[in-house]
Amino acid sequence: RTLIERSSDVIAIVDGDGILRFVSPSIEWLLGAQPEAAIGHSIIEFLHPADVSGALDDIRLARQAQIMSADNRYRIRLGNNEWRVIEVQARNFLDDPDLGGIVLNIRDITEKLQAEEALRLERDRAQESEERYMLALQGANDGIWDWDIKSDVFYTSPRWKAMLGY
């Protein structure tokens with residue numbers, strides 16, 4: 001119980017129709033709502049409209065299977081109308097008399113996705129810069145060389161090699 005109450009992930013139990021029956025206290029920092037206020041509501045109410053049909057399909061799959069993939073991602077609206085991206089793992093315990101529902105482990109991955117996008121953009125900019133540099137070297141009629149002292153890599157342009165007879 002202490003682990004669930006102190007987890008940064010939201011732990012929830014929904015019935016076979018997606019109605020919240022239990023929500024851990026960490027729902028407060030994710031949605032800005034008290035756990036008691038979320039209980040009895042459909043998880044669909046919190047999702048982005050474009051994600052609803054996929055979530056309904058996933059609930060149907062969870063009712064039929066024992067476990068779902070961790071790659072189920074949805075956009076969820078916070079109390080301040082900000083949208084966040086969550087990743088959901090689900091496990092079917094509908095037949096378990098103690099749980100009687102589908103257990104959800106919900107993790108906010110918004111910052112992770114933003115960091116990945118920033119890295120991708122930086123990598124794209126670096127590649128574009130390198131491509132421009134290579135085009136400039138190829139187009140120049142000058143012999144150009146570059147020595148990276150740190151890696152001890154020595155580069156010479158094709159024109160430099162031709163000028164020296166290599």
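**Notes on a predicted chain**

1. Let's start with what is hidden: of the 166 residues in the chain, 31% are buried. Buried here means under 20% relative accessible area, exposed means over 50%, and partly exposed is in between (1.4 Å probe, protein chains only).

2. Keep in mind that this is a predicted model, where local features need pLDDT of at least 70 and side-chain atom pairs count only at pLDDT 80 or more, while totals for chains, interfaces and linings use all residues. Residues are numbered from 1 along each chain as its sequence is written, and side-chain values use heavy atoms, with hydrogens and water left out.

3. How confident is the predictor? The average pLDDT (the predictor's confidence in each residue, from 0 to 100) is 86 for the chain, and 96% of the residues score at least 70. Helix α1 (residues 2-6) has the lowest confidence, with a mean of 76, while strand β2 (residues 20-23) has the highest, at 93.

4. Now the layout. The chain has six helices and seven strands, in the order α-β-β-α-α-α-β-β-β-α-β-β-α along the sequence. Both are DSSP runs numbered from the N terminus: helices are H or I with at least four residues, strands are E with at least two.

5. On overall dimensions, the chain has a radius of gyration of 26 Å, whereas a compact globule of 166 residues would be near 15 Å. That radius is taken over C-alpha atoms, and the globule rule is 2.2 Å times the number of residues to the power 0.38. The C-alpha trace spans about 85 × 35 × 30 Å along its principal axes.

6. Have a look at D152, in the loop between β6 (145-148) and β7 (153-156). Its phi is positive, about 55°, although D152 is not a glycine. For background, most residues other than glycine have a negative phi. Is D152 buried or exposed? D152 counts as exposed because its relative accessibility is 56%.

7. Next comes S157, in the loop between β7 and α6 (158-163). S157 has a relative accessible area of 0%, so it counts as buried. Which residues does S157 touch, leaving out those up to four places away in sequence? They are D142, G143 and I144, where contact means heavy atoms within 4.5 Å. S157 and A140 are 17 residues apart in sequence, and their C-alpha atoms are 9.1 Å apart in space.
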